[in-house]
Amino acid sequence: MVASNSEQDELMGLLIAVSREDRQAFQQLYEKISGRMFGLCLKLGSQQELAEEALQDAFIQIWHRAAEYHSDRGAPLSWMMTIARYRTLDLMRSRKAKQTSGDRHLEHVEDQREGPLDVSLRSAGAAELTGCFDELSDVQRDSILLSYYRGFTHDEVSEALSSPIGTVKSWIRRGLMVLKRCLER
């Protein structure tokens with residue numbers, strides 16, 4: 001990972017050009033350091049697919065954040081290798097969390113008793129709201145319940161429903177509009 005001063009100067013020049021959205025400079029930067037970055041990602045992640053994804057994410061981040069680089073953050077190569085390292089570690093953590101989340105089998109478990117939401121809605125005199133939930137599509141209802149009842153973030157709802165985050169946000173927004181119109185009647 002040690003680079004000569006002339007190489008660091010060249011990388012600095014390329015980063016400055018990339019910060020001005022120079023695609024050729026970005027390509028040169030990629031050709032110059034992608035092998036070393038991929039090696040680091042592969043060594044950390046021990047999986048080619050993960051390393052490839054981390055490398056791609058790192059370069060996307062470099063493209064978007066090149067203007068934020070300053071020499072006080074270290075040498076250009078060290079800064080970019082750090083981005084690759086953290087991207088790899090983030091992906092490893094997120095994949096580990098996905099592997100250990102045991103909610104997949106819960107789709108097949110059914111409890112006929114009233115749930116806490118049903119009890120709280122009934123006790124709060126919110127029969128109207130319960131009726132309005134019937135007007136929602138399944139995905140709207142699931143999105144709203146996961147978000148507001150279980151406290152999931154949009155990212156977590158997106159993951160739980162295996163749908164893009166933009167779609168999930170639309171389901172929630174549209175579902176809330178349906179609930180509002182229903183309650184105003």
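Ser-19 touches Ala-66 and Ala-67, leaving aside residues up to four places away in sequence; a contact here means heavy atoms within 4.5 Å. Ser-19 belongs to helix 1, and it is partly exposed, with a relative accessible area of 30%. On this scale, buried means under 20% relative accessible area, exposed means over 50%, and partly exposed lies in between (1.4 Å probe, protein chains only). Ser-19 and Ile-62 lie 43 residues apart in sequence, yet their C-alpha atoms are 8.8 Å apart in space.

Before going further, please note that this is a predicted model, in which local features need pLDDT of at least 70 and side-chain atom pairs count only at pLDDT 80 or more, while totals for chains, interfaces and linings use all residues. Residues are numbered from 1 along each chain as its sequence is written, and side-chain values use heavy atoms, with hydrogens and water left out.

### The chain as a whole

Helices (H or I, at least four residues) and strands (E, at least two) are DSSP runs, numbered from the N terminus. Of the 185 residues, 31% count as buried. Among contacts with a separation of 6 or more, 61% come from residues 24 or more positions apart. The chain exposes about 12200 Å², and carbon and sulfur atoms supply 50% of that area; accessible areas come from the Shrake-Rupley method with a 1.4 Å probe, and for residues only the protein chains shown count as cover.

### Two helix pairs

Two packed helices are described by the angle between their axes and the distance between the axes. Axes are lines fitted to C-alpha atoms, for helices over the stretch in contact, and angles run from 0 to 180 degrees between N-to-C directions.

| Pair | Angle | Axis distance |
|---|---|---|
| Helix 1 and helix 2 | about 135 degrees | 9 Å |
| Helix 2 and helix 3 | about 140 degrees | 9 Å |

Helix 1 passes helix 2 in a left-handed crossing: the near helix is turned anticlockwise from the far one by less than a right angle, whereas clockwise would be right-handed. Leu-11, Leu-14 and Leu-15 are among the contact residues of helix 1, and Phe-26, Leu-29 and Ile-33 are among those of helix 2. By class, this contact has 9 nonpolar, 1 polar and 4 charged residues. Here Ala, Val, Leu, Ile, Met, Phe, Trp, Tyr, Cys and Pro count as nonpolar, Asp, Glu, Lys and Arg as charged, and the others, Gly among them, as polar.

Helix 2 (residues 23–45) passes helix 3 (residues 48–65) in a right-handed crossing. The contact includes Phe-26, Leu-29 and Ile-33 of helix 2, together with Leu-55, Phe-59 and Ile-62 of helix 3. Its makeup is 16 nonpolar, 3 polar and 2 charged residues.

### Two loop residues with positive phi

Glu-21 sits in the loop between helix 1 (5–19) and helix 2. Its phi is near 60 degrees, a positive value in a residue other than glycine, and Glu-21 is exposed at a relative accessible area of 59%. Ser-162 is in the loop between helix 8 (154–160) and helix 9 (165–184). Phi of Ser-162 is near 50 degrees, again positive in a residue other than glycine, and Ser-162 is exposed, with a relative accessible area of 61%.
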